[in-house]
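Dear colleague,

A summary of the findings follows it.

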Amino acid sequence: MLRNLRELYQYRGLLLSLTQRELKARYRGSVLGFLWTFLNPMLQMAVYTLLFSVYMRQNIEHYPYFMFVGLLPWIWFSSSIGAGASAISDRRDLLTKVRFPAQVLPATVVVTNLCNFMLSVPLLIVFGLFLGRWPSWHLLFFPAVVLIQLCVTMGLAYLISAINVTFRDLQQIVVNLLTMWFFVTPIFYQAQTVPDRFRALVILANPMAVMVTSYQAIFYEHRMPDLGPLLLWLGIALVLLAVASSIFERRREEFAEVV
């Protein structure tokens, strides 16, 4: 893992360049361009608000804001894992170049979506202000939660992208798993509504449930996030990063040949 991190730092200029290129290319040619960074989550929020506050009514105060708090980090996570699965297999043009650092490719996907997430946070805060929910000092915990989610996302992206090079079905499996994962994460409902006998499994065994409830604690409930589950997943994320980096390193020499 340390070697992987050192190489990412060594090639940080390339990572930054690829991230900027991805951000510019994402909406190139569209009329609204970069505004889609804000419009996409807003449109999703509007659709889900209609579904869960009108058709399947949820008795949660300022429900659109509550849902938006959980939807933004989920979009970062799911976009990174979904696109990260093919980060290696889709970039033969780069991998066949001499000494191209393959570890930059999954990292570029994760960092690009992290930038979109961070650009959407001011919109979240403005939305909260419009509803009379002012930020509190608990916002100081926000960088820590982002860092833990970054570790979890990066570890999964490395692991999945390395395996997907030879097992291409994994990409399709991941897409379907993300759909199921979405609905077992408390984005549209409060974690307290999960039956007691399932709560520990649904919340603690699901890293995104821990992340989403932590963001909800900071932005919506104005309290400290639960440190126990966060520290648990920080430890798991570091182990996951170490394992994923090890697998990635062992298979890196095969990438250019297989893809």
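**Overall architecture**

The protein chain contains 11 helices and zero strands, where helices (H or I, at least four residues) and strands (E, at least two) are DSSP runs numbered from the N terminus. Along the sequence the pattern reads α-α-α-α-α-α-α-α-α-α-α. Please note that this is a predicted model, in which local features need pLDDT of at least 70 and side-chain atom pairs count only at pLDDT 80 or more, while totals for chains, interfaces and linings use all residues. Residues are numbered from 1 along each chain as its sequence is written, and side-chain values use heavy atoms, with hydrogens and water left out.

Of the 259 residues, 49% count as buried; buried means under 20% relative accessible area, exposed over 50%, and partly exposed in between (1.4 Å probe, protein chains only). The chain exposes about 13,100 Å², of which carbon and sulfur atoms supply 66%; accessible areas come from the Shrake-Rupley method with a 1.4 Å probe, and for residues only the protein chains shown count as cover. Where contacts join residues at least 6 apart in sequence, 79% of them link residues at least 24 apart, a contact being heavy atoms within 4.5 Å.

**Annotated spans**

The unreviewed UniProt entry places the feature "transmembrane region" at residues 31-51, 63-83, 104-131, 137-161, 198-218 and 230-248. UniProt positions are given in the numbering used here, feature names are shortened, and annotations may be inferred rather than shown by experiment. In the model, residues 63-83 are 100% helix and 0% strand, with end C-alpha atoms 29 Å apart. Residues 137-161 are 80% helix and 0% strand, and their end C-alpha atoms lie 38 Å apart.

**Packing around H4**

Helix H4 (residues 63-84) and helix H7 (residues 142-164) have axes that come within 9 Å and cross at roughly 20 degrees. This makes H4 roughly parallel to H7. Axes are lines fitted to C-alpha atoms, for helices over the stretch in contact, and angles run from 0 to 180 degrees between N-to-C directions; those under 35 degrees count as roughly parallel, over 145 as roughly antiparallel, 65 to 115 as roughly perpendicular and the rest as oblique. Residues of H4 that meet H7 include Pro-73, Trp-76 and Phe-77, and their partners in H7 include Val-146, Gln-149 and Leu-150.

The axes of H4 and helix H6 (residues 104-130) also come within 9 Å, crossing at roughly 170 degrees. H4 and H6 are therefore roughly antiparallel to each other. Among the residues making this contact are Tyr-65, Phe-68 and Trp-76 of H4 and Asn-113, Phe-117 and Phe-127 of H6.

Ile-75 is also located in H4. Its C-alpha is 7.8 Å from that of Phe-117, 42 residues away in sequence. Not counting residues up to four places away in sequence, Ile-75 touches Pro-41 and Gln-44.

Most residues other than glycine have a negative phi. His-62, in the loop between helix H3 (36-55) and H4, has a positive phi of about 50 degrees. His-62 is partly exposed, with a relative accessible area of 28%. His-222 lies in the loop between helix H10 (207-220) and H11 and has a positive phi of about 55 degrees. The relative accessible area of His-222 is 25%, and it is partly exposed.

Pro-229 is placed in helix H11 (residues 227-258). Leaving aside neighbours within four places in sequence, Pro-229 is in contact with Leu-204 and Val-210.

With kind regards
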